[in-house]
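Thanks for coming. I will take a few minutes to walk through one structure, for those who have not seen it before.

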Amino acid sequence: MREVGWPAAIPVVDRNSVVPIYQQIYEDLRESILAGTLPEATRLPPERVLAERLGVNRSTVVHAYRALVSDGLVEQRVGSGSRVARAIGHPPRTADVPWWITLPPWQVGAFPQVLGELAATFHGERISFVPGVPPVEPSPLQELARSFARVAGDPDYILSYGDSEGHAPLREAIAARMRARACNVDARDVLVLTGSTQGITLVAQSLAEPEDEIIVEQPTYPGALQIFAIARLRAIPVAVDQGGIRVDHVEEILRTRRPRFIYTMPSLHNPTGVTMNADRRQRLVTLAGRARVPIIEDDPYGALAKTLAPPLAALAPKSVIYLSTFSKTIAPSLRLGWLTAPRTIYERLLLRKQSYDMATSLYVQAGVCDYLARDYDAHIVQLREELTARHALARSTIARAWPKTMRLTANAGGFYLWITAPRDLRARALLDAAEREGATFLFGEAFFATSGGDHNLRLAITPVTHEQLVSGIERIGRAIAALSKR
Ligand SMILES: Cc1ncc(COP(=O)(O)O)c(C=O)c1O
């Protein structure tokens, strides 16, 4: 057993300091232990002895030692005094262990690189069907630039932080648009976000604790799966079919489990492109309401649907937290989204948002607010037409260039095509082959909380030109043919 290196380990106390003497002793010893100057199992001087050496009251030393015990740095046993504790389960506390080795464990999803891939603008020379970005045409850029130039005329507020809840005129404009979709919302219910990704993070961290269960759709947006994995939430997957989430499965689960929330995309679902029918919408909110489980309705694409169904938030304002964004209707570079939440939970989400960024860029909010009042509606009409044209082009090219065994989701719209390959064709093998042909996409496993999706692929039909859309699909067709010949 090592004895303390007297007198080197005796703390130095400063009687003129405003810091209490017990705390000076505690901090001095703590530093020596963490730095390894007092290694594990070192016996500390008995309290009485140390008190005499320092000329302080014994209770002062007792107090300091207790604080070290409650930090787990010192062990005390009757008869054998105080020793530096063993770091059980941790790397040895010596000066040469780098700090990052001692960090608490953390968790990421099965495909940690997926959010980065979705955000990246450059995917090599290949035709990329990966990112969910709006098409280059119709471009909002000219009108948007004019809006930004107009709001820049007021530097007093444009260059400051602004309210954490969001720019009041923008909150009002968003609320008015939601009222037009039958939601009973006013500006006070709107929290402006730095992208709806921020909203998913806010709910994951505010409504649940690590190890809590949540319900997610299967397949679902991989970015959300990654956020839930980092928050250490356990996802219970529920299948999605032509009519949206299988509400009968949700009902079964709610019989025995109490998930913290249900995360769903009822309109133009990512990745399948399906829209939940009216009957299921009603059943889902009724079930969730009965079970007292809130619904997180993620609706980035709803405004692009040909017929605008009322969101779930219109059916059950008290139990739905609604998320949306301008990333898909104007541009993701704005990093501008919003949520609406019942008053009971709004404050909690607001405080957490403040801890991330204090407020969303006021300049961006003011510019977009001006754009909403002038050019947004016309832009959305054009965007819908463009998406319809792209779906028709993609589907006719697939019908011509791919074997019939590749199944497309029927009645799908929005930015994506979700494809199911036959059992003998794995999406990852197809991706390798397609990349050799010069086209790339996302394989299905990234959209699954549990195993599965290995025969699915998602094609974003928006980030490419019409010519590339055709050429990329043909290239994937050649890759399918090459694999089937083997
Ligand atoms: C379903 C879904 N939610 C959220 C997002 C992220 O949106 P934002 O750019 O507003 O963070 C996306 C982007 O692809 C999405 O598909």
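I will go through the domains, then the helix contacts, the ligand and a few backbone details.

Please keep in mind that this is a predicted model.

Let me start with the domains. The protein chain is split into domain 1, residues 21-107, domain 2, residues 115-138 + 378-484, and domain 3, residues 141-374. Taken over C-alpha atoms, the centres of domain 2 and domain 3 are 25 Å apart. Their contact draws 28 residues from domain 2 and 26 residues from domain 3.

Which elements give two or more residues to the side of domain 2 that touches domain 3? They are helix 4 (114-119), helix 15 (376-401), strand 13 (416-420) and strand 16 (456-460). Helix 15 gives the most to that side, with four residues. By class, the side of domain 2 that touches domain 3 has 17 nonpolar, nine polar and two charged residues.

Helix 5, residues 141-151, packs against helix 14, residues 362-374, at an angle of about 120 degrees, and their axes are 8 Å apart. That angle is why helix 5 counts as oblique to helix 14. The crossing of helix 5 past helix 14 is right-handed. On the helix 5 side the contact has Glu143, Leu144, Ser147, Phe148, Arg150 and Val151, and on the helix 14 side Ala366, Gly367, Asp370, Tyr371 and Arg374. Sorted by class, the residues of this contact of helix 5 with helix 14 are five nonpolar, two polar and four charged.

Helix 14 has another partner here, helix 7, residues 168-179; the axes of helix 7 and helix 14 come within 9 Å and cross at roughly 40 degrees. Helix 7 and helix 14 are therefore oblique to each other. Helix 7 passes helix 14 in a left-handed crossing. Pro169, Leu170 and Ala173 of helix 7 make the contact with Gln365, Val368, Cys369, Leu372 and Ala373 of helix 14. How many charged residues does the contact of helix 7 with helix 14 have? It has no charged residues, with seven nonpolar and one polar.

The next pair is helix 8, residues 196-206, and helix 13, residues 343-357. Their axes come within 10 Å, crossing at roughly 120 degrees. Helix 8 passes helix 13 with a right-handed crossing. Gln198, Leu202, Gln205 and Ser206 of helix 8 meet Arg348, Leu349, Arg352, Lys353 and Tyr356 of helix 13. The contact of helix 8 with helix 13 divides into three nonpolar, three polar and three charged residues.

On to the ligand. There are 14 residues around the ligand, and those that come nearest are Gly195, Ser196, Thr197, Thr325 and Ser327. The shell around the ligand is made up of four nonpolar, nine polar and one charged residue.

Last, some backbone details. Where are the cis peptide bonds I want to point out? One joins Glu137 and Pro138, with omega of about 5 degrees. Pro138 sits in the loop between strand 3 (127-128) and helix 5. Another runs from Asn270 to Pro271, with omega near 15 degrees. Pro271 is in the loop between strand 8 (262-264) and helix 11 (278-291).

Finally, Ala41 has a phi near 70 degrees, which is a positive value in a residue other than glycine. Ala41 lies in the loop from helix 1 (21-35) to helix 2 (47-54).

That is the end of my tour.

Key
Residues numbered from 1 in each chain as written. Predicted model: local features only at pLDDT ≥ 70, side-chain atom pairs only at ≥ 80, totals over all residues. Axes fitted to C-alpha atoms, helices over the stretch in contact; angles between N-to-C directions. Parallel < 35°, antiparallel > 145°, perpendicular 65-115°, else oblique. Left-handed = near helix turned anticlockwise from the far one by under 90°. Contact = placed C-beta atoms within 7 Å. Nonpolar A, V, L, I, M, F, W, Y, C, P; charged D, E, K, R; others polar. Domains from an automatic or database assignment. Near = placed C-beta within 6 Å.
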